[in-house]
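Subject: Structure for you to look at

Hi there,

Here is the structure I promised to pass on. Please open it alongside this note, and my findings follow below.

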Amino acid sequence: MTYIITSLCLRDGGCAEVCPVECIVPGKPQAEWPLYYIDPDTCIDCGACVPECPFEAIFPEDEVPAQYTAKGGELISRPGLTGHYEGTNHHGDNVVLDTTRALAAGEVVDLTEDNQSNYDYFQKGPGYSSLED
Ligand code: SF4
Ligand code: SF4
């Protein structure tokens with residue numbers, strides 16, 4: 001099994017710093033890959049990343065909610081969305097995303113749609129090369 005970063009991720013980056021096998025990387029380019037992604041083949045299922053996420057975006061793969069009920073106001077970030085987000089990451093550096101949308105209270109979202117992108121980022125996308133910049 002692996003852990004999955006879902007579209008509730010707003011690139012805080014804290015998870016990547018605690019991962020003991022360094023298998024969490026920032027997606028690039030952001031418009032196409034707006035999240036951080038976990039390499040499913042390297043993740044050792046330790047769970048250390050979960051409490052680090054201020055947006056509760058990380059789940060064990062078999063617990064990613066197919067029916068996530070929004071508290072209201074939280075953002076999802078997926079390619080093609082057009083909402084704007086500005087915040088700061090774990091280190092206080094600026095984070096800007098133009099692929100977000102605010103969820104309405106009670107809105108139900110299928111976060112399992114994000115499972116495949118964690119695989120794709122490493123199998124079809126830039127993978128670990130995004131750490132080279
Ligand atoms: S800590 Fe959460 S918001 Fe930050 S990069 Fe990891 S999954 Fe994304
Ligand atoms: S569960 Fe552990 S090994 Fe897997 S991504 Fe999170 S911190 Fe890394």
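A residue counts as buried here if 20 or more other C-beta atoms lie within 10 Å of its own, with C-beta atoms placed from the backbone. Please keep in mind that this is a predicted model.

Let me begin with Tyr3, which is part of strand β1 (residues 3-5). Tyr3 is buried because it has 25 C-beta neighbours inside 10 Å. Who are its contacts from further along the chain? Leaving aside residues up to four places away in sequence, Tyr3 touches Ile38, Cys43, Asp45, Cys49, Ile58, Phe59, Pro60 and Glu61.

In α2, Ser117, Asn118 and Tyr121 are buried. Seen down the axis of α2, these buried residues fall within an arc of 105°, so they line one face of the helix. On the face turned away from that buried side, you will find the exposed residues Gln116 and Gln123.

Next, the two ligands. Ligand 1 is surrounded by 14 residues, and the closest are Cys9, Asp12, Cys15, Tyr36 and Cys53. By class, its shell holds nine nonpolar, two polar and three charged residues. Ligand 2 is also surrounded by 14 residues, with Cys19, Cys43, Cys46, Ala48 and Cys49 as the closest. Its shell divides into 12 nonpolar residues, one polar and one charged.

Three strands form an open sheet in the order β6-β8-β7, with antiparallel pairing. Its edge strands are β6 (75-77) and β7, each of which pairs on one side only. On average, neighbouring strands of this sheet are turned by 60° against each other, direction ignored. As a reminder, strands of a sheet pair through backbone hydrogen bonds, either parallel or antiparallel.

Here is how the strands line up:

- β6 with β8: three bridges join them in the antiparallel sense. Leu75 stands opposite Ala102 in β8, while the bridge partner of Ser77 in β8 is Thr100.
- β7 with β8 (residues 94-102): five bridges join these antiparallel strands. Gly87 stands opposite Val95 in β8.

The hairpin of β7 and β8 has five residues between the strands, and there Gly92 takes a positive phi near 85°. How many of the six residues of β7 (residues 83-88) are buried? The count is zero, and the strand is hardly covered.

Happy browsing, and do write back with any questions.

Best wishes

Terms used. Residues are numbered from 1 along each chain as its sequence is written. Chains are lettered from A and ligands numbered from 1 in the order in which they are written. This is a predicted model: local features need pLDDT of at least 70, side-chain atom pairs count only at pLDDT 80 or more; totals for chains, interfaces and linings use all residues. A residue is buried if 20 or more other C-beta atoms lie within 10 Å of its own, exposed if 12 or fewer, and partly exposed in between; C-beta atoms are placed from the backbone. Helices (H or I, at least four residues) and strands (E, at least two) are DSSP runs, numbered from the N terminus. Two strands pair if DSSP finds at least two bridges between them. Axes are lines fitted to C-alpha atoms, for helices over the stretch in contact, and angles run from 0 to 180 degrees between N-to-C directions. A residue is near a molecule or strand if its C-beta atom, placed from the backbone, lies within 6 Å of it. Ala, Val, Leu, Ile, Met, Phe, Trp, Tyr, Cys and Pro count as nonpolar, Asp, Glu, Lys and Arg as charged, and the others, Gly among them, as polar. Two residues are in contact if their C-beta atoms, placed from the backbone, lie within 7 Å. The arc is that of the directions from the helix axis to the C-beta atoms.
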